[in-house]
Structure formats: C-alpha cells, structure tokens
Amino acid sequence: MTALWDNLRMARSKFLAIALIVIGVTAGIGFALMTRQQQAPRATAPTAIEPAAGEFLPTIQTPAAAPRPAPEGMAWIPGGEFSMGAADPLGKDANVVGMQATEDSRPIHRIYVDGFWMDQTEVTNRQFAQFVKATGYVTVAERAPTAEEFPDAPPENLVAGSVVFSPPDHEVPLDTHYRWWSYVPGANWRHPAGPDSNLDGRDNYPVVHIAYQDAEAYAKWAGKRLPTEAEWEFAARGGLSGALYAWGNEFLVDGRFMANTHQGHFPNEDTHADAHDGIAPVAQFPANGYGLHDVAGNIWEWTSDWYRPDYYAGLAAGGVARNPRGPESSFDPGEPGVAKRVHRGGSFLCTEQYCSRYMVGTRGKGEPSTGTNHLGIRLVKDAP
Ligand SMILES: [Ca+2]
Ligand SMILES: [Ca+2]
C-alpha cells in the first residue's frame, strides 16, 4: 500500500526542500512538509473508510442529440446516469501492489451528468503554443519559486523547473518515488525532459508540466473548462457500464494494446510492447465509445474536483448525485496537509506492478502547483 500511494505524493515543495536531481536516495528520509501559499481549503480528516460492495447498473444515456455540431477536435458526450467507481479486478491478487488501486474508488455509486463536449485528445503542444503565443502566458514551471512560497527550501533550490521521470538503470525497491522522479531545473512544457530537450517534431504530443493554474488559464483562453471528475469518468466509460477499462474487460483486444502504458520491469525497463517507450503522440490508439483517445494512459489529466478518499461514500448515501463538483475540501490520508485535485486516466508509466490507474474507474491526485512530464489536460465545453 505504501508504494502505491507514493507515486501520488509528488509536490514541488518537497523536491525543493531536499536537493535537486535526486535519484536513488535512501528510503525513509523524513521530508519536511511545507506550507504552500495556494488557496487550499481547510480540511478535516475523514472518518474510517469502509469501502462498501458496489453494484454496477446499466448506463442510461440521455437520448437528446448534440445541440449543434461539435467544436473542432471535440466529441459530444451525451450525459446521463451511470455507475461511478471501481471494484477490485476479478482474479487479481489484492496483494499485488498495483492492483490495490481501487480502495478510494468505492463504493460504486450512481451519478447523473448533463451532456457536454470534450476534447477528443489530450491538449497538444501545438495547441498550447497557440495559447502562449496569443497571451504571453508563463507557466508555473517557468517561474522561479520564491522564498515566500517555499520557506523551507534552501535558497539554491529556488530555481524554475519541474518534476521529470528519471529512471535508474537497474532494479530498485518501489518504496519511494524519489528513486525515479527528479526536480530538474529548466524543465517545463517547452523542454519536457530538461533544458537540453525541445519540442522539435512534437507538435502532436500532449503538452506536459502543466500545473493546475496553467490548465485553468489555457481553458479560459480556449473558451472551455476542466471536466469534473464525474464528467471525466462518464466520458471515459464511453457508454459501457462496469468495464475495467475504457474499451471493455480485457487489457489486450485481439492481442492489440489499447493504451500507452508501461511494460517491463518498473521503473528501470520499458520494453514498450505497446510500441511507445515513454510519451506518445495523441490518438495512437483506438478511440472509446464516445470518440475519445487516450483516456487510459499516455498522460494523466487534471479534473476540477478536490480529492478526498471518502467523497464517494458521501455521494452514495444521497441517492443519484446530479452533476457533482467534488468535495469542498481536500484530504489525502497519505499526505495530510497537502491539498490535491483529482487526476484521472494514468500515464505511460502505469503498470500493474505499481500503478494500474489506466483502469477507467480508478483515481489519482496531485498537488495543484506540481506539473510533471506525465501530466497534462483534456478540456470540456458546456452546451449552450
Ligand atoms: Ca508504452
Ligand atoms: Ca490520458
């Protein structure tokens, strides 16, 4: 369990408080928790979580057609009522770390969402570059952190940068993500792997190193918004009910991979049996039932909901929840004091050895100022 949650504990504050380019540090270091200057809501600890047995009922799609042709690159998501959440996969050993992903995705509960349009792909570098060109926007990763924001960070660590996957060349214990994640000065959306990397030939790749406020700024410019967690899952399920994956219950379909995930021993070896070692251009895999590509894998996607592991239990107690917008506050028992938003879909680094969040009902979470090179955005637009 510890290893599973570790991958979702990344926060700039913690990287900046230790040292830059840290790989293979000894496990068990006590990282001082620092207070962010963000508008984090007051949070209270949840009571004991009692994942209840859930039941998947059929999805009832709203019959009305799209109100008008979809905006370019978007698909109409009809809305309706569905069963949200994830059960433990049948036949999977609950002791395999990567398969313990569903505890905070229960109980299965009934949700209604209105229809909306959704980007068919993750937002690309080409699209984000248009936004930056038009507005001059500077992302969080491109700004130097300040001593006011990060009072516990040594002054020499206050340099602009972001968190980059930096795999070791040998097997390592999966006990701390600092063995394969590094804060790299100069890493940002234009330089996804660090200052020596660039976007040449990568127009059609997802933009990464996007903090939550960057996502909001882009969305405002584009006339769109981030999806709620419920909207994201309704869309990702593509009309199916209770399926493990966005396309059904089998990971491979006729021997074919359906998403960009990680094969081989994590984190040191990616055998890329799915044909993509690391991040892939968008839409290299088949779309789901609503025409959406890469809702599973490639990069994680921000949603607008705050994260709490007990949120679903509260919703389940109230019958069908209509257009839920997330809890008022965030709480992560694995990292109390760090407010987080929900991430969905998993990434090119997800593997059943460690993080199987490409399963459609499962949840991720992240500190809003922390972008990484496997986190980006997909937006929605309301019907008029
Ligand atoms: Ca892959
Ligand atoms: Ca994705």
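Because the model is predicted, local features need pLDDT of at least 70 and side-chain atom pairs count only at pLDDT 80 or more, while totals for chains, interfaces and linings use all residues. Residues are numbered from 1 along each chain as its sequence is written, and chains are lettered from A and ligands numbered from 1 in the order in which they are written.

Helices (H or I, at least four residues) and strands (E, at least two) are DSSP runs, numbered from the N terminus. Two strands pair if DSSP finds at least two bridges between them.

Begin with strand β4, which covers residues 109-113. Four of its five residues are buried, where buried is said of a residue with 20 or more other C-beta atoms within 10 Å of its own (exposed is 12 or fewer, partly exposed in between; C-beta atoms are placed from the backbone). Strand β3, residues 80-84, pairs with β4 in the antiparallel sense over five bridges. One of the residue pairs here is Ser83 with Arg110 of β4. Strand β4 is also joined to β11, residues 321-322, by two bridges, and these two strands run parallel. In that pairing Tyr112 stands opposite Arg322.

Next comes an open sheet of four strands, in the order β13-β12-β10-β14, with mixed pairing. The edges are held by β13 (364-366) and β14 (375-376); each has a single partner strand, so one side of each is left without a neighbour in the sheet. The partner of β13 is β12, residues 341-344, and the two pair in the antiparallel sense over three bridges. Across this pairing, Val342 stands opposite Lys365 in β13.

Just after α4, Gly223 takes a positive phi of about 70 degrees.

A last stop is Val184, in strand β7, residues 181-185. Val184 counts as buried because it has 26 C-beta neighbours inside 10 Å. Pro195 is 11 residues from Val184 in sequence, and the two are 8.4 Å apart in space, C-alpha to C-alpha.
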